[in-house]
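Please take a walk with me through the structure shown below.

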Amino acid sequence: MDGNTIAVKTRIYTHPYVLAGLVPLVFFLVFYFYPLAGIFIRSFVPDFPSHLHIDLSFWDQVTGSQRLAHIIWFTFWQAAVSTGLTLAFAFPCAFVMSHYQFKGKKFLTLCAAIPFVLPAVVVAAALDASFGKNGCLGMLNIRHPLVLIFMAHVFYNFSVMLRILTSFWAGLRANIQEAAAMLGAGPFQIFIHITLPLLMPAVWAASFLVFIFCFSSFGIILILGGPAYSTIEAEIYRQAAYMFNLPVASFLSLLQIGFTLVLMGLYTAFSRKAVRFAPKAGHANFKPPQKFREKAAVAGSAGFIILLCLFPLAALAGKSLVHDEQLSLIYYQAIFVNPANSIFHVPPFTAIKFSFIFAGTALIIALVTGLCAALCLNHLDRVKAKGLAAFFDPLFMLPLSTSAVTLGFGIIITLDRPPLNLRNSTLLVPLVHALVGFPFVLRAVLPALKRIPNEIREAAATLGASPGKIFRCLDLPLISGALTAGAVFAFTISMGEFGATIFTASPRTPTIPLAIYRFLGQAMAISTLLMVVTAAGFILIEKISSNGVQQF
């Protein structure tokens, strides 16, 4: 390697954007890899550090268990069916949302986004309020756990599929389709031979991401499925929390992480292919519906989104105001009742306060680390260091594929000694929430950075602008909408996070999901409060955004 090559590589890897990548890397090493390594070492090397003997005595429990084989198969099967159903319902709605501008569009986007950040306890209560024995649609008699699981997964992941497909579909180059129409191609031919092939990378990216969410589903399976419909994630919780069988739980976690890491690699690969078709800010070509079939498509999509996403939440809010078939505030009054005079009773508004504090702190941490990671990955991709970018991109998505139970438990048992003795620190909860929200910030900001032409940066650098000034005056204004979208996800995901919070939050600093879990008798009222808080957070941050196209 000659001196010029060394000098070029030195300039690449000492660029401020690359050095910014050290921030999320250190964050991951301390709060992700270290806790996971700690729990795996305690599981497989129980005498560490005095003896380095690996204990695989649990292996017979894995290979000889038909129950575990069935659980693994069911995890894959239900995730595939859930993903297919979500795609089937979201695809036509994405067509409407990416082509037409109409009144109430932002409201529908808000309705579709809220379910994704609600905890499983709220979703279960909403489905019960809609389809339960005394629900608004109880006459449909939907009782089968598997049907409820599929409904809940579609309810949860519809917004993810809709956002990704809408964002990329709106950016397809209209001039290509217009050229095909001038050559005599009909709408069906244009869709089959031009639109669909261009859209497929986004379809695959959205499908892989939704599959991962369904594959690692925990609360929905635990509450609606029960032992007969257990998945790998639910079995990890059972083995760790009830059986105290850390080796089997760790093996299942490794299996889950390994498979989802492959899926994350595929997701990021298809995202990179699809991002070149994403629209430039303010240049998405929306038109008002004029023909009857266009108006019918808009009305049908709006009705479906309201029925799927808003009706269960409205039914839940309505049932929280009804007692003995009469309007009543008894459920809300019961929130403030402490009949046992327990010293551990915490008013729900205290939980709301801590949820806002934790969510605000997590938002700041996730934005800083996610932005630094996006700047680093984008720069590596631009300077032809695609191998490093392809390695770190799925690596930074790992929190989405990791059991929240395993992660929370690992943090508790590892971060308990100086200088990282955070077991009793209130900072532990927002750190865990930021870790979960970080991938969403990265996925929102990175496509926006990739759409900024490199020639603009090169021209600014030629005129003497430093990397810091280029970031402040060029990059930051152009990605402000994407940062807002990332902030929405980071904030609301923190508001609804439950799996890891149950391990890391203290009894005196609960969050809203924990309050729902504790006060099941007042679950409908507290769930309604969480919905209101979540919607208010969405509305507040969406008001700041000037970009009409949703990013993910």
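Let us start with Arg 238, which counts as partly exposed because its relative accessibility is 31%; here buried means under 20% relative accessible area, exposed over 50%, and partly exposed in between, with a 1.4 Å probe and protein chains only. Before going on, please note that this is a predicted model, in which local features need pLDDT of at least 70 and side-chain atom pairs count only at pLDDT 80 or more, while totals for chains, interfaces and linings use all residues. Residues are numbered from 1 along each chain as its sequence is written, and side-chain values use heavy atoms, with hydrogens and water left out.

Which residue does Arg 238 meet in a salt bridge? The partner is Glu 235, at 3.0 Å from N to O; a salt bridge is a side-chain nitrogen of Lys or Arg within 4 Å of a carboxyl oxygen of Asp or Glu. Both residues lie in helix H12, three residues apart, or about one turn of the helix. Helices (H or I, at least four residues) and strands (E, at least two) are DSSP runs, numbered from the N terminus.

Glu 235 also forms a salt bridge with Arg 67, with 2.8 Å between the closest N and O atoms. This pair links distant parts of the chain: Glu 235 sits in helix H12 (residues 232-242) and Arg 67 in helix H5 (residues 66-99), 168 residues apart. Glu 235 counts as buried because its relative accessibility is 0%, whereas Arg 67, at 35%, counts as partly exposed. Side chains of opposite charge can pair when their charged atoms come close.

The structure holds four salt bridges. Another one of them joins Glu 294 to Lys 287, where the closest N and O atoms are 3.7 Å apart. Glu 294 is buried, with a relative accessible area of 10%, and Lys 287 is partly exposed at 41% relative accessibility. Salt bridges that share partners join Arg 67, Glu 235 and Arg 238 into one network.

Now for the empty space inside. Rolling a probe the size of a water molecule over the atoms shows where empty space is left. The structure holds six cavities of 30 Å³ or more. On a 1 Å grid over the protein atoms alone, a cavity is a set of points where a 1.4 Å probe fits but cannot get out, and lining residues have an atom within 4 Å of a point. Grid points are joined across faces, edges and corners, and a volume is the space filled by probe spheres set on the points.

The largest cavity has a volume of about 700 Å³. Of the 28 residues that line this cavity, Tyr 156, Ser 216, Phe 218, Val 436 and Glu 497 are the closest to its centre. Which helix gives the most to the lining of the largest cavity? That is H8, with three residues. Helices that each supply at least two residues of this lining include H8 (145-169), H11 (219-225) and H19 (428-450). By type, the lining of the largest cavity divides into 17 nonpolar, nine polar and two charged residues; Ala, Val, Leu, Ile, Met, Phe, Trp, Tyr, Cys and Pro count as nonpolar, Asp, Glu, Lys and Arg as charged, and the others, Gly among them, as polar.

Thr 511 lies in the loop between helix H23 (501-504) and helix H24 (512-518), and is buried, with a relative accessible area of 1%.

Helix H11 holds Leu 224, which is buried at 14% relative accessible area. Leu 224 and Ala 124 are 100 residues apart in sequence, and their C-alpha atoms are 6.9 Å apart in space. Beyond its neighbours within four places, Leu 224 is in contact with residues including Ala 124, Leu 127 and Pro 145.

Finally, the whole protein. It has 25 helices and two strands. Of its 552 residues, 54% count as buried. Residues 24 or more positions apart account for 80% of the contacts with a separation of 6 or more.

Technical notes:
On a 1 Å grid over the protein atoms alone, a cavity is a set of points where a 1.4 Å probe fits but cannot get out, and a pocket is an open set with protein on both sides within 12 Å along at least five of seven lines; lining residues have an atom within 4 Å of a point. Contact means heavy atoms within 4.5 Å.
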